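Please read this briefing alongside the sequence and the coordinates.

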Amino acid sequence: MEAASGAFTTVNPAQCRHLSANFSVSALEFSPSTGRKSSLARARTWLIRASLAVEQQAETKAAVIRIGTRGSLVPLALSCHRGRLLRLDSPLALAQAYETRDRLIGSHPQLAETGAIQIVVIKTTGDKILTQPLADIGGKGLFTKEIDDALLNSDIDIAVHSMKDVPTYLPRNTMIPCNLPREDVRDAFICLTAASLAELPPGSTVGTASLRRKSQLLNRYPSLQVQENFRGNVQTRLKKLNEGVVQATLLALAGLKRLNMTENVTSILSIDDMLPAVAQGAIGIACRSDDEKMATYLASLNHEDTRLAVACERAFLEALDGSCRTPIAGYACRDEEGNCLFRGLVASPDGIKVLETSRRGPYAFDDMVKMGRDAGEELLSQAGPNFFDR
């Protein structure tokens, strides 16, 4: 069933269909099927939601496009005559890879042929180390380095990234010529006992691994507690919430939408209440700089409004030299007149001090990059030395 080479994994689709007919599947693990129709329905639903990494490649034909994405397929103790059963550790990343595949097929019908597109799952350092805060083990590049290496080594042709995970400096000989249409940038509040953050009793614990969320949360609600290093995929975090490890959590609404899991949302935080992370909700697709064929494919998928907004926000981040150790938020969008409105924020980790700024100007690449850079330089000057050490 499984074909693996180093950190790369692909799964044969026919065998996945065989397994879904014999075992019920949850978002966390496989268990023997009871044989009831409802179990099979749950299995099929999970396979769609988790966007299982399936190698859709004919045995005698090489793929035209190999899509690299982060994630891992973890063997379970249970086995069957067709091979090992697997669970997904990064269903959101795989969902984004499948969205990319579907858009490629929509724009280039010839890619719908069996075997034309292959999805290659690559386990990154960030997926392997879940017991430490990202800032302590290297920051954002932990979710992209192994994928970038595979791209440069020609093990894959394109790489699908969550843009908020991409460092401001790209590896040499790579480029990101394409951003897919951006999803909802807002954050979701998820809680079993309160309808909003304001209704949480003093001393309640909110789980989040994001310094951006932590600092803004504590700035508005200093009576709350934050459990840091609340890491893991969406399913893992929801499981911890249900087990009472925390009383509430905050997740990107974009990810919940892509996983068809918005039924878990208690309420949605406004941009005024929680400014999003730079490039939140945006998917970027990278290729090698000299690969004209892939660049042409990706150009047909690019959503220019998203690309320009992401460029503005990343210019802001670059000016601040931002990392996972710094609470930074930034969001660019069109205003009512079609111009760019950018809002940026930096905060001390304890949330005691928050600095904000905004810019408005033409919705054009050079103007927006300049706005983002100027906003970052302004806040960097205001913050002064040791601002982020609180």
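Does D165 count as buried or exposed? With a relative accessibility of 11%, D165 counts as buried, where buried means under 20% relative accessible area, exposed means over 50%, and partly exposed covers the range in between (1.4 Å probe, protein chains only).

This is a predicted model, in which local features need pLDDT of at least 70 and side-chain atom pairs count only at pLDDT 80 or more, whereas totals for chains, interfaces and linings use all residues. Residues are numbered from 1 along each chain as its sequence is written, and side-chain values use heavy atoms, with hydrogens and water left out.

**Cavities**

- The structure has 2 cavities of 30 Å³ or more, a cavity being a set of points, on a 1 Å grid over the protein atoms alone, where a 1.4 Å probe fits but cannot get out.
- The second largest cavity holds about 60 Å³ of space, the volume being the space filled by probe spheres set on the points, which are joined across faces, edges and corners.
- Its lining, made up of residues that have an atom within 4 Å of a point, comprises 10 residues, of which R70, V160, H161, S162 and D165 lie nearest the centre of the cavity.
- Strand 5 (65-70), helix 3 (91-107) and strand 9 (158-162) each supply at least two residues of this lining, and strand 9 gives the largest share, with 3 residues; helices (H or I, at least four residues) and strands (E, at least two) are DSSP runs, numbered from the N terminus.
- By class, the lining of the second largest cavity has 4 nonpolar, 4 polar and 2 charged residues, with Ala, Val, Leu, Ile, Met, Phe, Trp, Tyr, Cys and Pro taken as nonpolar, Asp, Glu, Lys and Arg as charged, and the others, Gly among them, as polar.

**Salt bridges**

- The whole structure contains 23 salt bridges, each defined by a side-chain nitrogen of Lys or Arg within 4 Å of a carboxyl oxygen of Asp or Glu.
- D165 takes part in one of them with K164, the closest N and O atoms being 3.9 Å apart, and K164 is partly exposed at 31% relative accessibility.
- K214 and E228 meet through their side chains at 2.5 Å, N to O; because K214 lies in helix 7 (residues 211-220) and E228 in the loop between strand 13 (225-227) and helix 8 (234-242), this pair ties together parts that are 14 residues apart in sequence.
- Within that pair, K214 is buried at 13% relative accessibility, whereas E228 is partly exposed at 44%.
- R359 and E378 form a salt bridge at 2.8 Å, N to O; R359 lies in strand 19 (residues 354-361) and E378 in helix 12 (residues 365-383), so the contact ties together parts that are 19 residues apart in sequence.
- R359 is partly exposed at 22% relative accessibility, and E378 is also partly exposed, at 26%.
- A network of salt bridges links R66, D157, R288 and D291.

Note on methods: On a 1 Å grid over the protein atoms alone, a cavity is a set of points where a 1.4 Å probe fits but cannot get out, and a pocket is an open set with protein on both sides within 12 Å along at least five of seven lines; lining residues have an atom within 4 Å of a point.
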